[in-house]
Amino acid sequence: MAAEGPTDPESPEAADTPKGEALSGDRTGSSDFADALEDASGNSGGTDPEGPASTTGAAAPGAQAVLGAANAAWRVQILEQVAVRDQKLRGVEELFEQYSECLRGLQIARHSAAGSLGQEWPCAGSTGPSPSPSGSASPSMGPRTGPSLPSQEDLELTRAASDAVRGQALAQAQATAQELRKRLALSLRAKEQELEALQKLLVEREEELREKEQAHTAVCRQATLLGRENAELKAQLERTQQQLQAKSSETDRLLSELTRLREAEAARMNGGGGERPACEAPELPTKQRFFRKIHEAELTCIAAAGMQGAPLPKNLVAIGTSDGYVKLLDGTTARLHAHLSVSRDLPRLVAVDLSPGSGLLLAASSDHAMRLLDLRAQRLLHTLRGHLGPLSACGFLRAGSHAFTASADRTVKLWDLARGQTLRSTPASGPVTAAAVHPSSGVIVTGHADGSLAMWDPRVSDALSVPMAGHGDRAVVGLRLSPDGRFVLSQADDGTVCHTALDKMQTLLSLDGLGPVSAPSPPAYSPDGAHILARGTGSLRCWSASAGDCSCEHQVQAPLCVCWDLPQAVSAHEEGHVALWGAAEGT
């Protein structure tokens with residue numbers, strides 16, 4: 001490997017050898033070696049008996065192909081090794097150039113230093129020319145042979161300079177690092193202070209938020225309490241208003257009842273002297289005074305009461321319909337006064353009752369409910385529910401402050417109308433198909449599907465009396481108590497009417513011949529209790545309550561129900577007609 005150049009770069013031979021000669025020698029060797037390889041590869045098929053070609057010439061064609069491939073591979077490997085060697089040589093040349101530049105720089109620095117001290121420049125072991133007094137090389141010295149190796153003094157000077165530079169750089173780096181540490185420490189301290197301030201602020205905000213949450217909780221609790229108190233006050237106010245309204249209604253009823261009693265007492269006193277006002281005397285239904293159509297649907301039940309205050313007529317008649325309406329008529333002229341619905345559902349009405357002088361109406365309907373209406377204000381006061389079966393009757397008692405209902409669910413109930421609540425409920429022996437009450441005493445009489453009658457006095461008993469036979473096995477479809485409360489009038493579905501004494505539950509009169517009827521069909525007493533009025537299949541008949549003699553009879557268009565609580569009797573007929581009956585002129 002002599003062609004690769006000197007192995008010791010500090011030897012004098014390497015330093016004195018010109019750079020151009022060394023490089024040219026190396027390149028020549030490399031080229032000759034590569035040419036030799038190409039010649040060997042190109043002459044591989046020659047006549048050399050020792051070479052590979054002679055061997056392949058005697059071998060088979062397959063062996064020659066294998067040897068050719070091997071020669072090609074061997075040639076490629078040799079060329080690759082040559083390329084690697086050339087690359088390494090170029091690297092050595094570059095290192096040598098750098099080394100030469102460094103030596104020339106050191107020599108120039110040394111010469112400059114020696115010139116400033118008045119010394120001569122030639123360095124030990126150097127063959128270069130001596131500098132001229134003007135600082136330039138003498139031309140007679142001949143050409144330079146190459147740079148010389150650095151002396152020990154040069155190396156020490158270089159090392160000292162390097163140490164000085166390194167020391168300065170280290171000191172500067174240390175100072176910079178120390179300054180940076182100081183800045184970082186100051187920044188860290190400032191950040192810590194900011195963090196402490198933020199933590200304090202966070203604690204303050206948390207405390208403030210906690211206080212606000214506690215205040216909000218207290219306000220919500222107080223608002224809840226105030227809301228409950230407000231609701232209780234509203235409920236109490238509503239109850240108070242209802243109580244005041246009930247008291248006012250009760251006061252009106254009591255005043256009306258007192259007025260009625262006074263007028264009745266005055267009438268009795270006038271009657272004792274042989275003189276009685278004509279408006280108070282009941283008239284026998286001997287003549288039909290009016291006959292008017294008041295509704296398109298079927299009329300189902302009827303009630304009447306006098307001494308009503310404005311804006312109602314003094315003598316008021318209420319008629320229920322099959323489509324949920326109540327027709328209010330003037331009991332003197334049979335003219336229509338008002339037309340009211342008891343519910344949006346418009347249930348069929350099965351019974352109605354009026355309280356004298358109070359303007360209150362009870363309406364029992366097919367939806368198992370009884371409703372209390374204020375006719376003067378034309379509004380619904382209560383809807384009373386509690387029965388499980390259809391209602392058959394309803395009515396006022398105890399001056400209108402209480403009411404009763406009877407139902408096919410085998411119960412009779414008492415109601416507090418002021419509160420709209422059930423007071424008492426008593427069972428019956430069977431389905432109650434009819435019932436009536438005496439307004440003053442509160443005695444209730446019930447009729448049943450098996451034809452029996454029972455009595456209940458809520459003042460002394462909590463249960464109905466033992467049923468008594470009244471109409472055999474015929475269902476009772478209507479009941480009415482006499483004005484004095486001593487007798488009861490009942491009608492069965494075969495049209496038979498019985499007049500019975502309540503004290504012994506003994507039948508005094510049995511009146512028949514009317515023909516079958518359907519419920520509800522209560523008969524009627526005259527206001528003085530002296531006569532009886534009932535309807536049949538196509539007729540109306542009036543009897544004397546004492547002897548049972550027929551006073552009058554009328555063949556009319558399918559009567560449905562009758563009422564004689566006013567001086568003049570009223571009857572309802574099919575196709576929405578109503579008739580008003582009175583005495584003939586001159587009688």
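Student: Where is the place of Ser 343?

Tutor: Helices (H or I, at least four residues) and strands (E, at least two) are DSSP runs, numbered from the N terminus. In this predicted model, Ser 343 sits in the loop between β5 (336–341) and β6 (349–354). Residues are numbered from 1 along each chain as its sequence is written. The model being predicted, local features need pLDDT of at least 70 and side-chain atom pairs count only at pLDDT 80 or more, while totals for chains, interfaces and linings use all residues; side-chain values use heavy atoms, with hydrogens and water left out.

Student: Is Ser 343 buried or exposed, and what does the side chain of Ser 343 reach?

Tutor: Buried means under 20% relative accessible area, exposed over 50%, and partly exposed in between (1.4 Å probe, protein chains only). Ser 343 has a relative accessible area of 15%, and is therefore buried. A polar contact is a pair of N or O atoms within 3.5 Å; within protein, one must be able to donate a hydrogen and the other to accept it, and residues adjacent in sequence count only if both atoms are side-chain atoms. Here the side chain of Ser 343 reaches the backbone nitrogen of Asp 345 at 3.2 Å.

Student: How many residues has the largest nonpolar core, and which residues does Val 326 touch?

Tutor: A nonpolar core is a set of buried Ala, Val, Leu, Ile, Met, Phe, Trp, Tyr and Cys residues joined through side-chain atoms within 4.5 Å. The largest one has 18 residues, and those with the most contacts inside it are Val 326, Leu 328, Leu 354, Leu 361 and Leu 375. At least two residues of this core come from each of β2 (299–305), β3 (316–321), β4 (325–330), β5, β6 and β7 (360–365). Contact means heavy atoms within 4.5 Å; leaving aside residues up to four places away in sequence, Val 326 touches Ala 318, Ile 319, Ala 338, His 339, Leu 340, Val 342, Leu 349 and Leu 361.

Student: In what order do the strands of the open sheet with β1 stand, and which strands are at its edges?

Tutor: Two strands pair if DSSP finds at least two bridges between them. The order in this open sheet of 4 strands is β1-β28-β27-β26, with antiparallel pairing. β1 (287–293) and β26 (559–563) stand at the edges, each with a single partner strand, so one side of each has no neighbour in the sheet. β1 is joined to the antiparallel strand β28 (residues 577–582) by 6 bridges, and Phe 291 stands opposite Ala 579 in β28.
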